[in-house]
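Then read on for a short tour of its parts.

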Amino acid sequence: MKRSSKYSLLFAAMLACIAGRTGAAEYKIGSIQIGNPWSRATPKGASTGAGYMTIRNTGTEPDRLIGGTTDVAPGFQIHEMTMDQDVSRMRERKEGIELKPGETVELKPGSSHIMFVDLKRRLEKGERIKGTLTFERAGKVAIEYPVEAIGARATEQGGGPMHMH
């Protein structure tokens with residue numbers, strides 16, 4: 001093998017490793033794109049966990065996130081948080097989340113998010129939670145939520161978790 005070819009292969013392998021560690025996971029079903037799903041570790045005894053992600057409708061018809069499942073909890077709810085006179089309030093969105101054509105919706109801490117209800121066990125940093133999302137038109141798609149530290153939060157750009165120091 002030529003020396004330049006050997007270095008090219010080595011460089012390509014290094015780039016693949018770097019991309020694999022820093023690249024955000026993306027999933028697609030129909031015209032729905034799900035970007036960078038993630039969750040936070042939970043303290044011992046916690047009964048709920050949360051899931052975050054970005055969802056984009058690239059189609060010409062509206063769709064709606066209406067539910068899902070996860071292997072760590074029997075309950076799966078879509079929630080939103082609002083502020084009312086400096087008090088944070090959370091409520092289940094039983095109607096789901098509408099995705100208009102061309103719209104991107106970000107599920108993030110302090111805003112709309114997924115709740116994993118009645119956790120079977122605590123969520124630990126470094127694990128990957130298997131789940132599905134169900135859309136009214138597009139159907140079901142399997143995803144994974146990498147679990148970040150308890151204090152992880154979304155970046156200002158919505159590009160996934162950022163660690164608090």
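What follows is a report on the strands, rings and core of this chain.

## Before we start

This is a predicted model, in which local features need pLDDT of at least 70 and side-chain atom pairs count only at pLDDT 80 or more, while totals for chains, interfaces and linings use all residues. Residues are numbered from 1 along each chain as its sequence is written, and side-chain values use heavy atoms, leaving out hydrogens and water.

## The chain as a whole

The chain has one helix and 13 strands. Here helices (H or I, at least four residues) and strands (E, at least two) are DSSP runs, numbered from the N terminus.

Of the chain's 165 residues, 37% count as buried. Buried means under 20% relative accessible area, exposed means over 50%, and partly exposed is in between, using a 1.4 Å probe and protein chains only. Now for contacts, meaning heavy atoms within 4.5 Å: among those between residues at least 6 apart in sequence, 65% join residues at least 24 apart.

## Strand β2 and its partners

Let's zoom in on strand β2, residues 32-40, where seven of the nine residues are buried. Which strands does β2 pair with? Two strands count as a pair if DSSP finds at least two bridges between them. Strand β1 (residues 26-29) runs antiparallel to β2, with four bridges joining them.

Across from G35 you'll find T54 in β3. Strand β11 (residues 139-148), on the other hand, runs parallel to β2, with two bridges between them. S39 has V147 in β11 as its bridge partner.

## Rings that pair up

A pair of aromatic rings is described by the distance of the centres and the angle of the planes. Rings of Phe, Tyr and Trp (its six-membered ring) pair if their centres lie within 6.5 Å; planes under 30 degrees apart count as stacked, over 60 as edge-to-face and the rest as tilted. That rule gives three aromatic pairs. In one of them, W38 and Y52 have ring centres 4.7 Å apart and planes at 40 degrees, so the pair is tilted. W38 sits in β2 and Y52 in β3, so the pair ties together parts 14 residues apart in sequence. Both W38 and Y52 are buried.

The rings of F116 and Y145 have centres 5.2 Å apart and planes at 75 degrees, so this pair is edge-to-face. F116 is in strand β9 (residues 113-117) and Y145 is in β11, 29 residues apart. F116 and Y145 are both buried, and together with F76 they form one aromatic cluster.

## The nonpolar core

A nonpolar core is a set of buried Ala, Val, Leu, Ile, Met, Phe, Trp, Tyr and Cys residues joined through side-chain atoms within 4.5 Å. How many residues does the largest one have? It has 27, and those with the most contacts inside it include I34, M53 and F116. Strand β11 gives the largest share of this core, four residues.

M53 is worth a click: leaving aside residues up to four places away in sequence, M53 touches I34, G35, L133 and Y145, among others.
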